[in-house]
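Please open the structure in your viewer and keep the selection panel at hand. The tour visits one interface after another.

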Amino acid sequence: MLDRPLAPPPVEVIVAVTQALHREARLLDNEDLDGWLAMLGKDVSYRLELKSRRFRADRSPPLPLGPGVIFNEDLGRLKMRVDRLKSGFVWAEDPPNYIRRAVSNVEVLANQADNEVRVHSVLVMHRNRIDGTTRLLTAGRTDRWRSEGSCWLLASRDIVLDHSVMPDSNLNAFF
Amino acid sequence: MRIERIGREPDYSRYMDLKEGWLDRRIFSDADIYEEELYRIFARSWLFVAHESQIPSSGDFLTTHMGEDAVIVARQPDGSIRVMLNSCPHRGNKVCFADAGNTRRFVCNYHGWAFDTAGDLKGMHEEYCYDAGDIDFKNHGLKNVAKVGNYKGLVFATFNSDAPSLEAWLGDFRWYLDMILDNEEGGTEFIGGCIKSVISANWKFGVENFIGDAYHAGWTHDSGARSMNNGQPFPPIDMQNSYHASMNGHGWEFGTEGVGDLVLLGRPKVMDYYNKIRPKMAERLGEMRSKIFGSVASASIFPNVSFLPGISTFRQWQPKGPMQFELKTWVIVNKAMPDDIKEEVTKGVMQTFGPGGTFEMDDGENWENCTTVNRGVVTRHERLHYRCGIGREIEHDTLPGIVYRGQYNDANQRGFYQRWLDMMTHDEFGKMPARPEPRLGNVAETRDLPGLFAL
Ligand code: FES
Ligand SMILES: [Fe+2]
């Protein structure tokens, strides 16, 4: 499907949403998890679907109940994850890992609802773990951001992880 | 097919004393020992390759590994399943790079040799370049494994033509296995895809964790338990009514309270579902097994498959060198479940034991660091402690296997390494001691067991 914008969003919107993405990455890198939660809409959906490597000419029908999802989270579940990270009992994060997120390829597109935009972006996540090993994960993201009052809130995020074998022992970080 | 290895015959009994309860750390990183494991364990055992539900129709296939050997598992037009090396007999290139799918042919990328789903060579690019007598098509197909077997939906294969039957290999462990494979009419299936991740740890750490290490859960997963349970840690274990049971290296550790793992799954609808079918399960499998199912439990099938009954994560630890494995995980459900319950199970599994799951996230790093640190040139000569509960062996009327009381125990881990040692030391299966003597004998169906075992 072509991403043909209805009418391009105003420049101020593009700037504001792009800034929101950068701010989000900074809050997460700095472990300001409550600050991050405050950027999420009440009805947020946060998803990561499973992929499997198939031949282009594959003849098999889709799986009856879909490919499966690694993340299919609502606000309550994301809060629970944040609570876990803040519990003081996550041994693998103590001392803290060094995590840095780079956001790029940001494309802000108009959406049907006029207080919403659709946003494509690329996330590169660098994780330097407590044992000194470094893992690099890259993902594509398709978001919906909604303007509520003076701020933009994340309404939904579909993550596509670019690894058929995940190069890390866990996905203990937000994308 | 017989896999011979000539050369080193070290005395592996030097690496452990399981009566005393210690292991030598070198088995977790030594490259020679690892090579030997590939020959003596992976090339000779029955290995899990697929659930039959993953390849329901003719032409369906998936790719996986047996040890480090790449294989294709394919459904044939007659409904049977074949397992063959995923390597072209011409120059050896991999013939199938897809994870799964449906096809009529596998065509090699290098020179275009083409094989049907049985592995038979059917033709090639520019076939005229071969003169009469150059190539015998019959002998140049994809090499099929020695045996394929199916136990209630789980498909296993072995490279070893001398391997005992799959039923004999699983032995009394079938009594336990049936709690996940046969707790309801219709059997099981895998739903959704397969998640693969690479973990820089020795494969045995994954297996031993699931075979018996209930002990780590309360500490390692403290943050997960508290976040899912209003800040409360795991409740203490009932050491009187929980057990370890080990059979030829397979093992199941479990409570008998029936709900612990279902609570951890965190999906009330799934709990309700099992509570509803539990009376039937008791009729089917006996009272004891209906109480074990759903309790805090974990299990491994020798050598490299594990699962959590009740939580429904099913996984395989695929060796990739002495200090690395690939973890493959699936979700297993009862076929008879309505779709919404299957979806609830999947959600629960991903939220707990998916790679982003509240519990799974804590494990990998422990295994990685056990592996790398054990390798230190001085460190590797120190022994590791595997003595927990060494005096708690009991005879149990109902429970098959070598049974120990108390879920916090190293008993199943010792049983696993005992089998490891047996396979590393004995050339012939017939000479390996049964641990223990099986009770079930040739009984085909543990559901129908009379008296004692059906209790
Ligand atoms: S290596 Fe497969 S066709 Fe030559
Ligand atoms: Fe664990």
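How many residues of domain 1 of chain B are in contact with domain 2 of chain B? The answer is 19, and they meet eleven residues of domain 2 of chain B. Please note that this is a predicted model.

To display the two parts, select residues 13-42 and 172-431 of chain B as domain 1, then residues 47-150 as domain 2. Their C-alpha centres are 32 Å apart. Between them the two domains bury about 1,200 Å², with 52% of that area on carbon and sulfur atoms.

Next, select Lys196(B) and Asp99(B), which form a salt bridge whose closest N and O atoms are 3.0 Å apart. On the domain 1 side, now colour helix 1 (31-42), strand 13 (188-199), strand 18 (313-319) and strand 19 (325-334) of chain B; each supplies at least two residues to the side touching domain 2. That side comprises ten nonpolar, five polar and four charged residues.

Now turn to the boundary between the chains, where 42 residues of chain A and 44 residues of chain B take part in the contact. About 3,700 Å² is buried there, 56% of it from carbon and sulfur atoms. Select Arg59(A), Leu65(A) and Arg84(A): they supply 19% of the area that chain A buries against chain B, more than any other three residues.

Finally, select Glu365(B) and Arg129(A), a salt bridge with closest N and O atoms 2.3 Å apart. The count between the two chains is three salt bridges and 16 residue pairs in polar contact.

How values were computed. Residues are numbered from 1 along each chain as its sequence is written. Chains are lettered from A and ligands numbered from 1 in the order in which they are written. This is a predicted model: local features need pLDDT of at least 70, side-chain atom pairs count only at pLDDT 80 or more; totals for chains, interfaces and linings use all residues. Side-chain values use heavy atoms; hydrogens and water are left out. Domain bounds come from an automatic or database domain assignment. Contact means heavy atoms within 4.5 Å. Buried area is the accessible area (1.4 Å probe) that two parts lose on being put together, summed over both. A salt bridge is a side-chain nitrogen of Lys or Arg within 4 Å of a carboxyl oxygen of Asp or Glu. Helices (H or I, at least four residues) and strands (E, at least two) are DSSP runs, numbered from the N terminus. Ala, Val, Leu, Ile, Met, Phe, Trp, Tyr, Cys and Pro count as nonpolar, Asp, Glu, Lys and Arg as charged, and the others, Gly among them, as polar. A polar contact is a pair of N or O atoms within 3.5 Å; within protein, one must be able to donate a hydrogen and the other to accept it, and residues adjacent in sequence count only if both atoms are side-chain atoms.
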